[in-house]
There are 2 protein chains.
Amino acid sequence: MNNFSFHNPVKIHFGKSQITEKLSHEVEAYSKIMLCYGGGSIKNNGIYNKVIDALKTKDILEFGGIEANPDYETLMKAVELARNESVDFILAVGGGSVIDGVKFIAAATYYNDGDPWEILSKRVKFTKTLPFGTVLTLPATGSEMNSNAVISRKSTNEKLDFSNPNSFPVFSILDPETMYSLPDTQISNGIIDSFIHVIEQYLTYPVNAPIQDRFAESILRTLIEEGPKLLKNRNDYDTNANLMWASTMALNGLLRCGVPEDWSTHMIGHEITALFGIDHAKTLAIVLPGVLTVLQDVKKQKLLQYGLKVWNINGNDENSIEEIIDVTEGFFQRLGVRTRLKDYKINVHDINKICKRLEDRGYVELGENKNISPDLVRKILESRL
Amino acid sequence: MNNFSFHNPVKIHFGKSQITEKLSHEVEAYSKIMLCYGGGSIKNNGIYNKVIDALKTKDILEFGGIEANPDYETLMKAVELARNESVDFILAVGGGSVIDGVKFIAAATYYNDGDPWEILSKRVKFTKTLPFGTVLTLPATGSEMNSNAVISRKSTNEKLDFSNPNSFPVFSILDPETMYSLPDTQISNGIIDSFIHVIEQYLTYPVNAPIQDRFAESILRTLIEEGPKLLKNRNDYDTNANLMWASTMALNGLLRCGVPEDWSTHMIGHEITALFGIDHAKTLAIVLPGVLTVLQDVKKQKLLQYGLKVWNINGNDENSIEEIIDVTEGFFQRLGVRTRLKDYKINVHDINKICKRLEDRGYVELGENKNISPDLVRKILESRL
């Protein structure tokens, strides 16, 4: 096992009626709260009313309209508002995009040393943020219990991430009933996103870390069992709850303790979203089978372990590996997600653009072994046409 | 899944050389540090010197001699010292006894409303403690990453616990190399203690919580695999590391999220330690097989799941359950721990004393169903003669 540090101070309130029971107490210490949300679906499904009711004694400022792949220009309007109105707390109500957006707003509000875009482009470390909490409505990114965020800039087709120890939510409220009204496609995307978060921290090379491996396999098996079940019966409370908790556990810092991490699928996927506007999870479902195919030799030991422990595929030759990659891709397809570039009208010329972007950004050595060169990225993507 | 709240702000530094690399930075903000430890073994194995070296710029006050099953009278001397010397931070260097002791010292130092024993006897809630950190040298209790403590009072043969949201360590340093010099019996005790921590949060009744169940099974399987391996090869770094991390994860609040909890084995075991001075873990190894035997009907579903997932025992009749309980007891014995009351010279008359203590304390309805009456406790203990 490798050395590691772990720190996750987020307070979680999980279950039915937790917005009503816990929110007002959690914001007691704050007076001017900026309520951030996305396209307004929370106004149709009753969540908005529950939140407003819990905050009724507070001075509230609303900032709606944070889009999927939250845009820098949008977020900077919220930053201006937060500064001008002396907001002392932000409440994010939504999925990963709203929460990531709020992480950026919280950091940028106190960022006075230059253009806040540098938090992303130069990964400048900041030491102070506005405190914020979240009400999660879409399990997928794990953002409700981590300190990472991914922000886009549509004017330049960029999608970049940051992580900072000051960017943990103070609390997150996870009520599985908020998932009932989500479109099926967001459920599928969330399951795939969570699945591949685990894979990025697990499917690398062995370092004799059985707790971490088994926790990863636990989450993968749960996603495989509960995912298709949820798409058949969207209002089963326990299935929603199990997927919501699986998704949070998939990226709260626990799985990565003491083990190598890959993240090449995410890095390549981010460029595809930035250039072609494809949903984040769908880009991952496209890229991962390519990464596993092209990197199968260096990943062999963990691939076979993954096959055995997660899919009950017992074997140690090339055919087994092919089968393991096939069932993984088949799982994404069973969730209704297409897994080929051509399904999204991306062709061989577009691959050039993607590779060029990665190269320009200096991301030339991806993966747990820092051995995924631009040539290998091309090979990965060509295998996904 | 049941509703739950989870909050664990402890910062963990895990691995080789972490005392040297992380300790001085973590105590930067404090000026007068009380260094607490046990019988002095840290002076023989080099840990004391490493700690002193890391704290060299600080004003240090030493308080050694915190015994196994830390005693109220001892701890109150430390409280007096902390108050008189205006200590602003406590560093616990040791195992669960030292860390639990420091949790009590940290709370009692600011407890001015009466006799600090009330924190245990009346479970009085306190709102302020001295901040403290830990250097763990004996994995077992999970105290390094939770807010619980168990304190004894030898003058009255009592052993009571408390838990408080203000009693988390600020940080804990876990260096598996500190385990090399432990006696075998402490290793065995630690493995059994961790194992039964998991069992108390897992072996109850099903609530459809597959992540929690699988995490529990992950830790149990790891303890079963790595435990005997460590006793054969005490200086294998990875085996030490895997057991240390398993032990911390066994009782850091994660497994209990959204599931019922038992803790009857612990409640009965505490009385045996308080009355007869037997090691904590050994009392658990004695009591658990009795709890499982006597409660097998209400625990049947989870017992069979435990047998299948942890021991690969496939069956659903009484014989299977007997086999499952037998292999569990056999595991404790393979670690060198005796599992019968008579092995410790406890007889049927002593059982009366134990039952009377539990009754006097009002602990008459133990277990996840609150259905373990004094009569059942007697039956459990009689099955363990």
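# Exercises on a predicted two-chain model

Six of the six residues of strand β5 (residues 89–94) of chain A are buried, so this strand is largely enclosed by the rest of the structure. A residue is buried if 20 or more other C-beta atoms lie within 10 Å of its own, exposed if 12 or fewer, and partly exposed in between, with C-beta atoms placed from the backbone. Strands (E, at least two residues) and helices (H or I, at least four) are DSSP runs, numbered from the N terminus.

The model is predicted: local features need pLDDT of at least 70, side-chain atom pairs count only at pLDDT 80 or more, and totals for chains, interfaces and linings use all residues. Residues are numbered from 1 along each chain as its sequence is written, and chains are lettered from A and ligands numbered from 1 in the order in which they are written. Chain A averages a pLDDT of 96, where pLDDT is the predictor's confidence in each residue, from 0 to 100. The model scores ipTM 0.97 and pTM 0.97.

**Exercise 1. Find which residues cover the two faces of β5(A), and which strands pair with β5(A).**

Step 1. On one side F89(A), L91(A) and V93(A) are buried, and on the other I90(A), A92(A) and G94(A) are buried. In a regular strand the side chains alternate between the two faces of the sheet.

Step 2. Two strands pair if DSSP finds at least two bridges between them. Strand β3 (residues 32–37) of chain A pairs with β5(A) in the parallel sense over five bridges; here I33(A) has F89(A) as its bridge partner.

Step 3. β5(A) is also joined to β6(A) by five bridges, again running parallel, and L91(A) stands opposite G133(A).

**Exercise 2. Give the order of the strands in the open sheet and name the strands at its edges.**

Step 1. The order of the seven strands is β4(A)-β3(A)-β5(A)-β6(A)-β9(A)-β2(A)-β1(B), with mixed pairing.

Step 2. β4 (59–63) of chain A and β1 (4–6) of chain B stand at the edges; each has a single partner strand, so one side of each is left without a neighbour in the sheet.

Step 3. Strands β6 (residues 132–136) and β9 (residues 171–174) of chain A run parallel and share three bridges. Within this pair, T134(A) stands opposite S172(A).

**Exercise 3. Describe the side of chain A that touches chain B.**

Step 1. Chain A has 30 residues in contact with 30 residues of chain B, a contact being two C-beta atoms, placed from the backbone, within 7 Å.

Step 2. At least two residues of this side come from each of β1 (4–6), β2 (11–14), α8 (210–232) and α9 (237–250) of chain A. The largest share, eight residues, comes from α8(A).

Step 3. Strand β1(A) runs antiparallel to β2 (residues 11–14) of chain B, and three bridges join them. S5(A) stands opposite H13(B) in this pair.

**Exercise 4. Is E85(B) buried or exposed, and which residues does E85(B) contact beyond four places in sequence?**

Step 1. E85(B) is in the loop between α4 (72–84) and β5 (89–94) of chain B.

Step 2. With 12 other C-beta atoms within 10 Å, E85(B) is exposed.

Step 3. Leaving aside neighbours within four places in sequence, E85(B) is in contact with K32(B) and L61(B). E85(B) and K32(B) are 53 residues apart in sequence and 8.3 Å apart in space, C-alpha to C-alpha.
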